[in-house]
Amino acid sequence: MEPTNNKAVIVGVNLQDRPDFAYSMEELRNLAEACNIEVVAELTQNLPKLNSSHYLGSGKVDELLGLAEGLDASTVIFNDELSPSQIRNLEGALQKRVIDRTILILDIFAERAQTREAQLQVEVARLQYMLPRLVGLRESLGRQGGGSGMKNKGTGETKLELDRRRIEDRISALQAELEKLVARRQVQRKQRQKTGVPVVCLVGYTNAGKSSLMNAILDRYMPDSNKQVLAKDMLFATLETSVRSIELPDNKSFLLTDTVGFVSQLPHHLVKAFRSTLEEVAEADLLIQVVDYANLEYERMIEVTNSTLKELGADHIPMVYAYNKTDLTGERYPQVNGNQVYLSVKERAGLEELIDVVKAHVFQDYVKCEVIIPFAEGRLVAYFNANAHVQATEYEANGTRITMECKKSDYEKYQHLFLEPEPAE
Ligand SMILES: Nc1nc2c(ncn2[C@@H]2O[C@H](COP(=O)(O)OP(=O)(O)OP(=O)(O)O)[C@@H](O)[C@H]2O)c(=O)[nH]1
Ligand SMILES: [Mg+2]
């Protein structure tokens, strides 16, 4: 039952009046389009409880068949993760290719994954999704294995022949390779942590503007760095974390990390597979949650982001909110309200305000001090010039007098070398 065209009907059940139902259907349409599938119709049903054999009520299955036939759609996409038997029963009743929300998301990730690590993670998630769907499903697995039909990197063809045991072996082999990559990245991360530079992570719903914000901050503070990341109007533009060092004019610096975006009903296997990539998030000193404030569903997107963060064990990390795309709303910007900054990355408005809020969080342990550094310790003057915000430098008889704001830990570390300032006469 290979699809004869790329036309599809999307189907959703509004279970007990889900408040975000309409938006989740719109999102399913976007996910399908990201897989090059043309959505020709939408069918929905209000139900108090899902039908365990066919997901939909039986009358509705007939209606779906009529609709799909009439519009010549060869694929039907469900707004949920279907069970193996639901897929089998629906394919039997409809004689169409049946796919679900999970496989769409997995396919998009498979298509977008650039690094070996991301590719391995996606493949593990795909195989784990396939595993319970193997039993008695050899035949329809051929169709499912092709996923949404989008080209995917070599996981499709072999899947048919693999039995459960071999899939399990493959998952273990991939995981072993993955562990090596993860270990290498952990070493890099530990090295960064040792330097004591705070780590700030951009998190949030897909397409909120995280990568655009990263680029705008790079533009503003590191104009010569040439280290822009990809930002694009599509779901899941970013699949790998990128870390950039940001040096502020007052010599304080922090590391800024851009991460993969979240989406509602992010497949559980995928969250698990990406856990290692997202470990950076769980170890950050501060999270900046970027919110698409122009999206009417922004509050729900915040909820989804917060619950995904919880799943990743990152819900204890302090967070500031960057309400982005305010240019598309009637709201005044830039505007700061405690930990919430209303800004527009597009208009480059509110960046400094956001950075001030970030600074207040991550540089709390800075102290203002006035010290005299003996001439023999000249390297310390150079060190503070590079790593602290030096406000004044004067040369005195026995050393260099520096007025500065520096890290408390640095102050304590070098305190024994400082000379006592001469008491004023
Ligand atoms: N109008 C408007 N559009 C913006 C603004 N900031 C970003 N965008 C647009 O939003 C889209 C998504 O931006 P990205 O930066 O790729 O979003 P992201 O959060 O990194 O998305 P993922 O990587 O998919 O999770 C792009 O088309 C941006 O041009 C803004 O302040 N105003
Ligand atoms: Mg991005």
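This is a predicted model: local features need pLDDT of at least 70, side-chain atom pairs count only at pLDDT 80 or more; totals for chains, interfaces and linings use all residues.
I started by counting elements: the chain has 15 helices and 14 strands.

Next I checked the overall extent. Along the principal axes, the C-alpha atoms of the chain fill a box of roughly 95 × 50 × 35 Å.

Then I looked up burial. I found that 36% of the 425 residues in the chain count as buried.

On to the nonpolar cores. The largest one has 89 residues. I looked for the members with the most contacts inside this core and got Ala-32, Ile-77, Phe-109 and Ala-322. Leaving out residues up to four places away in sequence, Phe-109 touches Val-122, Phe-236, Leu-239 and Leu-270.

Last stop, ligand 1. Which residues come nearest to it? There are 24 residues around ligand 1, and Gly-209, Ser-212, Asp-233, Thr-238 and Gly-261 come nearest. I also asked which helix gives the most to this shell. That is helix 9, residues 210-221, which contributes three residues. Sorting the shell around ligand 1 by class, I get ten polar, eight nonpolar and six charged residues.

How values were computed: Residues are numbered from 1 along each chain as its sequence is written. Chains are lettered from A and ligands numbered from 1 in the order in which they are written. Helices (H or I, at least four residues) and strands (E, at least two) are DSSP runs, numbered from the N terminus. A residue is buried if 20 or more other C-beta atoms lie within 10 Å of its own, exposed if 12 or fewer, and partly exposed in between; C-beta atoms are placed from the backbone. A nonpolar core is a set of buried Ala, Val, Leu, Ile, Met, Phe, Trp, Tyr and Cys residues joined through C-beta atoms within 7 Å. Two residues are in contact if their C-beta atoms, placed from the backbone, lie within 7 Å. A residue is near a molecule or strand if its C-beta atom, placed from the backbone, lies within 6 Å of it. Ala, Val, Leu, Ile, Met, Phe, Trp, Tyr, Cys and Pro count as nonpolar, Asp, Glu, Lys and Arg as charged, and the others, Gly among them, as polar.
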